[in-house]
Structure formats: C-alpha cells, structure tokens
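Biologist: Please show me how to read the features of a model from its coordinates. Which terms come with cut-offs?

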Amino acid sequence: MGKVEGGMKCVKYLLFVFNFIFWLMGSLVLAVGLWLRLDPKTVSLLDGGPETFFIGVYILIAAGGLVMLVGFFGCCGAVRESQCLLGLFFTCLLVIFGAEVAAGVFGFVNKDEIIKEIQDFYDKSAENRKNATVHSYHVKLNCCDSTSLCQNVGSNQTCHEAIAEFFNSKLFIVGYVGIGIAGVMIIGMIFSMVLCCAIRNSREVI
C-alpha cells in the first residue's frame, strides 16, 4: 500500500490538526446552541409563544453534534490515509456546510419576522391580561409601555424596542456562528480532497 510522501505528508498532518480544531469548534457550536435553547431568560420569554426562533437554534445544535463526530472521522481518515473515511468526511462536511449556511441565512433573513411574531405574542398576552407573561417581559427586559401596567421598572424603553434589541443579538449569534463555521468547513473540504487524491495517485503508482 502506497504512503503519501513529501508535501502531501504535510497536508496529512495539517488535516489531522485541522480536524482536532474542527472537533473543538463543533463542541463550541453545540455549547452555543444549547445555551441559546436553555437560556432561562429566553425560555421564560418564549414560554407558550412562537417557536420560530428555536428553529435556527435546533439546526446549530444538530450541526454542532455532527461536527464533533465528523471531526473524529476526519482525524482517523488522515492518520490511516483511508480514502473511504476521507470520502465520508467530505460528504458529511458538505451536508453540515449546507445546514450551517441554512442556520446563518435563516437567522438573518427571518430576523424581522421572528421579532414581529414575538412582539405580537407580547401584545396578545397584554390584551388577554396574562399578567404573568407580561410581567416576565417587564422584568427580564426591563421595559414598559403605555398599554400595560408595570411597576418597579427603571426604564422608559418600550417592550417592542426591548424585544427587538434582545432577540436581534441572539439571532446575530445564530447567523454569525453558522456562516463562520461554514467558512472553516470549506478549508476542510479542500484539505480532504487534496489528501484523498494524493492517496489515490500514490496507490496507482504502486
């Protein structure tokens, strides 16, 4: 069985190091996704409300878990110089790349729509006198407006403004993390294809 030599051996070890970093990034993406999903402040504000916000978060969680698994495949493929594992690594990267881009695009494109849904949920809660829900928004976002009764709130910011500000920051996290990881994946796909071609060529020579 032919082994890669010279510059391709350098690519092999670079791919191994890349995959270890990739695995760590997968852990980070998973952690960010779980934080966004389990953050008490976010959960309390969306309790009984629209779930649209969490769709992008679920994509991040799934992608983060897959990235960790794929990073392991990539490390094994690089060390063993296995075309099969490297091919599987490339395919999985392609799938996750699409998922990450989808999460990023979803976060940016649907940002205004998601925020509008949450603002409508707040308005309906105020109209239906769901005091616990309305009070949660007042306390968590430190907001108040003329259409609601609120006490002990040290801010003149309306709840619509506070909702937009709070969820804008969360959605930008989803968007930037998704697009950022997708960019890193392109490098991984290039490395894996170069190494895979080198392995095939070395075996043809043998």
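Modeller: What follows takes the fold, the salt bridges, the disulfide and the nonpolar core in turn. This is a predicted model: local features need pLDDT of at least 70, side-chain atom pairs count only at pLDDT 80 or more, and totals for chains, interfaces and linings use all residues. Residues are numbered from 1 along each chain as its sequence is written, and side-chain values use heavy atoms, with hydrogens and water left out.

Biologist: How many helices and strands does the protein have?

Modeller: Helices (H or I, at least four residues) and strands (E, at least two) are DSSP runs, numbered from the N terminus. Here the protein has 7 helices and 0 strands, in the order α-α-α-α-α-α-α along the sequence. With contact meaning heavy atoms within 4.5 Å, residues 24 or more positions apart account for 75% of the contacts with a separation of 6 or more.

Biologist: What percentage of the residues count as buried?

Modeller: Buried means under 20% relative accessible area, exposed over 50%, and partly exposed in between (1.4 Å probe, protein chains only). Of the 206 residues, 42% count as buried. Accessible areas come from the Shrake-Rupley method with a 1.4 Å probe; for residues, only the protein chains shown count as cover. The protein exposes about 10500 Å², and carbon and sulfur atoms supply 66% of that area.

Biologist: How many salt bridges does the structure hold?

Modeller: Side chains of opposite charge can pair when their charged atoms come close. The term requires a side-chain nitrogen of Lys or Arg within 4 Å of a carboxyl oxygen of Asp or Glu. The structure holds 3 salt bridges. One of them joins Asp39 and Lys170, with the closest N and O atoms 3.4 Å apart. Asp39 lies in the loop between helix 1 (7–38) and helix 2 (40–46) and Lys170 in helix 7 (residues 159–205), so this pair ties together parts that are 131 residues apart in sequence. Asp39 is buried at 12% relative accessibility, and Lys170 is buried at 6%.

Biologist: Which residues form a disulfide?

Modeller: A disulfide is a pair of cysteine sulfur atoms within 2.5 Å. A search of the whole structure finds 1: Cys143 with Cys159, their sulfur atoms 2.2 Å apart. The link is right-handed, with 90° about the S-S bond. Cys143 lies in the loop between helix 6 and helix 7 and Cys159 in helix 7, so the pair ties together parts 16 residues apart in sequence. Cys143 and Cys159 are buried.

Biologist: Which residues touch the most other members of the largest nonpolar core?

Modeller: In soluble globular proteins, nonpolar side chains tend to be buried together. A nonpolar core is a set of buried Ala, Val, Leu, Ile, Met, Phe, Trp, Tyr and Cys residues joined through side-chain atoms within 4.5 Å. The largest one has 40 residues, of which Phe53, Tyr137, Leu141, Ile163 and Phe167 touch the most other members. Helix 7 gives the most to this core, with 10 residues. Leaving out residues up to four places away in sequence, Phe167 touches Thr42, Leu45, Leu46, Phe53, Ile115 and Ile118.
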